[in-house]
Amino acid sequence: MKISKKIELNYNISLGKMSKWLTGLTEGFALALKCILCEKVSFPPQKICTCGSYKNSWIKLSGVAEIVTITSGLDGNYGLVKFEGASTLTVVKLNNFKGTETFGKILKSSSQNPSIIITPTEVK
């Protein structure tokens with residue numbers, strides 16, 4: 001004999017320290033973590049710096065990124081970029097890029113699906 005029952009689970013997951021970063025993405029600005037010890041600026045933020053330090057502080061970046069490389073896929077165009085003021089590279093979704101642009105500026109994203117999206121910008 002088999003008994004079929006539907007089970008539904010709802011989770012509330014706290015993102016802790018990273019909540020501030022995700023809120024920034026939904027509002028259209030770039031927040032990074034700056035290591036107090038070595039001064040490396042990570043975007044996306046890393047709670048523990050590559051130097052091993054846990055001590056860091058939030059800083060707001062300009063939101064402008066230089067495009068290092070671009071790739072296209074079935075679900076859109078993506079780029080490896082370096083945001084002004086950041087020490088690290090990150091992958092972003094490219095919005096309305098034609099392929100010749102070299103800089104982009106961060107856009108607001110959905111609060112249901114925070115993501116790093118940039119649109120072309122003329123100025124660095």
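**Aromatic rings and strands**

The structure, a predicted model, holds 2 aromatic pairs. A pair of aromatic rings is described by two values, the distance of the centres and the angle of the planes. For Trp21 and Phe43, the ring centres are 6.1 Å apart and the planes stand at 70 degrees, so this pair is edge-to-face; the cut-off for that label is an angle over 60 degrees. Trp21 belongs to helix α1, which covers residues 19-27, while Phe43 is in the loop between β2 (41-42) and β3 (56-60), so the pair ties together parts that are 22 residues apart in sequence. Both residues, Trp21 and Phe43, are buried. Ring pairs also bring in Phe83: together, Trp21, Phe43 and Phe83 are linked into a cluster.

The charged end of Lys60 sits over the ring of Phe29, and its distance from the ring centre is 4.6 Å.

The strands come next. Strands of a sheet pair through backbone hydrogen bonds, and the pairing can be parallel or antiparallel. Here 3 strands form an open sheet with antiparallel pairing, and their order is β2-β1-β3. The edges of the sheet are β2 and β3, because each of these strands pairs on one side only. Strand β1, made up of residues 31-35, is joined to β3 by 5 bridges, and the two run antiparallel. Which residue of β3 is the bridge partner of Lys34? The partner is Ser57.

Definitions and conventions:
Residues numbered from 1 in each chain as written. Predicted model: local features only at pLDDT ≥ 70, side-chain atom pairs only at ≥ 80, totals over all residues. Heavy atoms only, no water. Phe/Tyr/Trp six-rings, centres within 6.5 Å; stacked < 30°, edge-to-face > 60°. Helix = DSSP H or I, 4+ residues; strand = E, 2+ residues; numbered from the N terminus. Buried < 20%, exposed > 50% of the residue type's maximum accessible area, 1.4 Å probe, protein only. Lys NZ or Arg CZ within 6 Å of the ring centre and 35° of its normal.
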